[in-house]
Amino acid sequence: MASATLTDAGRAASEAGAAGPVLLDARLQAAALAADLRKHTQGEVLFDAASRGRYATDASIYQIEPVGVLVPKTEDDVAAALAIAAAHRVPVLARGGGTSQCGQTVGAALVIDNTKHLREVTALDLEHGEVEVQPGIALDALNAQLKKHGVWHPVDVSTSAQATLGGMAGNNSCGSRSIAYGNMVHNVTGIDAWLADGSSASFGLFEQASGRARELGEAVRALAEKHRAAIDAVWPKVLRRVGGYNLDVFNPQSPRPYTDDGRVNLAQLLVGSEGTLAYFRRLRVKLAPLPAHRVLGVVNFPTFYRAMDSAQHIVGLGPSAVELVDRTMIDLARANPAFRPVIESALIGAPEAILLVEFAGAEQAPLLAQLARLEDLIGELGLPNAVVPLTDEPSQKALWEVRKAGLNIMMSLRGDGKPVSFIEDCAVPLEHLAEYTAALTDVFARHGTRGTWYAHASVGTLHVRPILDMRLDGAALMREIATEASELVRRFKGAYSGEHGDGLSRSEWVRWQFGSRLTEAFEEIKDLFDPQGLFNPGKIVRSPLMDDRSLFRYRPGYAIAPLEPALDWSAWDVHNDPATEALTEPGSGGDPARGFGKAVEMCNNNGHCRKFDAGTMCPSFRATRDEAHGTRGRANTLRLALSGQLGAEALASEMVYEAMELCVSCKGCRRECPTGVDMAKMKIEFLHHYKQRHGHTLRDRLVGHLPRYAGWAARFPQLANLRNGSPWLARLAEQMTGLAARRQLPAFRRDRFTATVPVTRAGGATKAGERRVVLLADTFNNSFEPENLAAARRVLQAAGYEVTVLVGGDGRPLCCGRTYLGTGMVERARAEARRTLEALLPHVRAGAAVVGLEPSCLLTLRDEFLVLKLGEGAKELAQQSLLFEEFIAREVQAGRFQAGFRPLPRTALLHGHCHQKAFGAMPQVHAALALVPELQVKTIESSCCGMAGSFGYEAAHQQVSTAMAEASLLPAVRAAAADALIVADGTSCRHQIHDGAQRTALHVARVLDLAL
């Protein structure tokens, strides 16, 4: 641990720096700092341009390059780093999930990322209802560990999957249920922290404080007494007030007491301080019993005003949450395939707004009574039959996910104009909420824009972000709108900063909110704790102007370099109308990279790719916990490269390759990233340019050209598979190709499917009819597991379909081009795609469905074919291309599927292919398996299997590939009963399961074939 002043490392750094001026040269200073950090800590020291660029932004509009980044392994690393930074006179910025919306976590400082290693639960006290944690643990991760004890930490912010407890305390986060549980400040009972001089202090109850914490507490108490009259006069009297420092802990102004017994807790002075006063080492936070039951009433309103006016009456019923979703948010949710069925189930007609009213408790009967009272109340307010009751947990959870995704759904708007955070969480008393929102809507209209409203109607804090183009006139409009909004906040006696903190966008408004005397008191508090001003300077006090464009992500001079992309990105190259959100025609947005730049810029740094839930995104981040290896890190790297911030022609550089290398093209972000960042396509584009400069390796050629030589290999399988039977050859091949010797490669089969069944050559006559199917014989199943295609053919024929196996006019099987895309050979992929399209299109136009077994191949016809510049025919093909299970589910629903299946009284453990999940095809997989009587299907809640085509076969990726599989898939397979069926549609998934768990996995077609 650090000593009272400096660690030995810090003293050494101080002596080293005493030889000359500290700031002779910023680069030399950074190099010296990095050297000392590497010498005296075990952490990862990241001072390269790409790493600094990735940590230069958060979920705000700002970008400030840090001096460098430290990812500490231990608490001792942090203590040493603080002392070293102090010796070098370099500011320090503590970082959690990096999701701050106001710029709290960007600065010209040493950024210390707590999230990779400092994320442990260090003590659990169920008797007193507290838990002690390190600052880097995410809220969802904490609550997952607490669930078995029947408790949770109830400050449930919408970013709970990635928000850390340290960041939540630093920000004084609130969440949807603050009306029931309070803000973070009400739920933190103690903080152990490092101070700027390197000493440690424990902040808790003032009466028990000692040492430095006592000294600081006494000094702050004296300030509070000195300014008592000012605190009484100007402090906002609302629950949601997070601006400034919590000087009122000695003279509480919040409607909710800071502590249950009225005692002063000094930890609450640090809550909301945004890392400007101390560096959190450990936090003690409150726990609450997990509600045994919840019910949700969705109130549909014909006008937005009536929804706002009703909130003050609804809170009288004692709900645990009252959350708003407005018409724009409803429409955006409907446009998202993952959210459409969920939001539509909650609507009555076409409401202009809905309120999600939740009641929670130990017994369900009283909650149902409260729900009935809600329906009565809404009827009394003139809206009978306007409540949709949701009493089952899955329906409620799904709707809450839509609400939690509110900001990110808004940010999915294409074009340069984006909803901007700067007045998004002003809080006003509920009796003024309707009038305030109406007046602010008028402000937006006067400035030619509009805002989407959502969030915490229960406490008068509605999130609203006007659409502004920060490249053009956004800064000027931001100033004008903020000025008018502040006048409204003052008129309605509210708080300008109600939830998301001050940061860079609101710190200048602290003086406006609290006046000069209290602002000077805040500055005195800062100086007491941090005399040298090294902890996150420029936040809360002594801040820059919010519209200082030199601090913007899109600052003056920012420009995307011209680029001729390999794929069609024109859908992203548009302008939007801020007042109507209407988009111009594709390709009209003026992007010099023809839409690729704007697609990359869609990432708003919300950090949803850092989650660890049941979804897919992002497998490489889950395996490494490195910022560089998540969707956000890659998008930032690409943006920096495209805009010249990593040097000229950086797109094809090694630093970008390093960020893109571990992307497994799972397409999880395609569905799960709320702003629509599609990193799998971006990797194809990147590889195209990278390989053009650096050339293709032998491994690239072996993988890419697989469809071309697979037929020849099948003629001589003993020769083609010789490497698998010889450890010496496997080692030699690894040296030559990079394919891991310890992996068995898929074995070529002489009995290829297309060599054993009748095939139809492209270009011949086509038959019309809805009961015709073209079975796509993909390279993988055709060459390595032909029994899967044979099983699918038998099942389809048994169901009454005429099955055509189509090959090219030259007799070579059709190919989607997947292997070429994965190796950056886009032109070859385009040629294969065009050949396949020309072969299939006549059959599609005659009414046949194209059915495929391998998700990555079939879904290429629905995805990449549409951006390979193949013309309108690609859209026709996409509409008629279905996975085997999708086709069966469609035909069953239409009453056309005639096959019958015998019972299989067994358990089937199902692993979904990443692309199936990305295209929402897993329900159809379940529907197909449900046709088999007595088959009990259980889904493995897994992300990517880790094989991802050739990725898992490569020696360089063995560790990451295994880590992905071991996260959940392989342990679940190993735990399965010996007679259980393991079901996986992906070729690579089946191989990973075989290699890692020594179990044979079956394609769904094989399972159905077994039951015929």
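Guide: What follows starts with the sheet and its helices, then turns to the cores, a helix pair and the cysteines. The model is a predicted one.

The sheet is open and has four strands, paired in parallel in the order 25-24-26-27. Strand 25 (936–939) and strand 27 (1001–1002) are the edge strands; each has a single partner strand, so one side of each has no neighbour in the sheet. Strand 24, residues 907–911, runs parallel to strand 26, residues 981–984, and four bridges join the two. Within this pairing, L910 has V983 of strand 26 as its bridge partner.

Two helices can be described against these strands. Helix 40, residues 922–929, packs on the sheet and touches strand 24 and strand 25. The direction of helix 40 makes about 160 degrees with that of strand 24. Helix 43, residues 987–997, lies across strand 24, strand 26 and strand 27. Its angle to strand 26 is about 145 degrees.

Next come the nonpolar cores. The largest has 77 residues, and the members that touch the most others are F596, M679, M682, V850 and L861. Helix 35, residues 826–845, gives the most to this core, contributing eight residues. Beyond its neighbours within four places in sequence, L861 is in contact with L776, C816, L840, V850, A874, L877, A878 and S881. Another core, of 61 residues, lies apart from it; A386, C426, L440 and M546 are among its members.

A helix pair comes next. Helix 8 (residues 211–226) packs with helix 20 (residues 510–529), their axes 11 Å apart and at an angle of about 170 degrees. The two are therefore roughly antiparallel. On helix 8 the contact is made by R212, L216, A219, V220, L223 and K226. On helix 20 it is made by R517, A521, E524, I525, L528 and F529.

C174 is in no disulfide, and the nearest cysteine sulfur, that of C102, is 12 Å away. C174 counts as buried, because its relative accessibility is 1%. For C666, the closest cysteine sulfur is that of C914, and at 5.0 Å it is too far for a bond. C666 is also counted as buried, at 8% relative accessibility.

Key:
Residues are numbered from 1 along each chain as its sequence is written. This is a predicted model: local features need pLDDT of at least 70, side-chain atom pairs count only at pLDDT 80 or more; totals for chains, interfaces and linings use all residues. Side-chain values use heavy atoms; hydrogens and water are left out. A nonpolar core is a set of buried Ala, Val, Leu, Ile, Met, Phe, Trp, Tyr and Cys residues joined through side-chain atoms within 4.5 Å. Buried means under 20% relative accessible area, exposed over 50%, partly exposed in between (1.4 Å probe, protein chains only). Contact means heavy atoms within 4.5 Å. A disulfide is a pair of cysteine sulfur atoms within 2.5 Å. Two strands pair if DSSP finds at least two bridges between them. Axes are lines fitted to C-alpha atoms, for helices over the stretch in contact, and angles run from 0 to 180 degrees between N-to-C directions. Angles under 35 degrees count as roughly parallel, over 145 as roughly antiparallel, 65 to 115 as roughly perpendicular and the rest as oblique.
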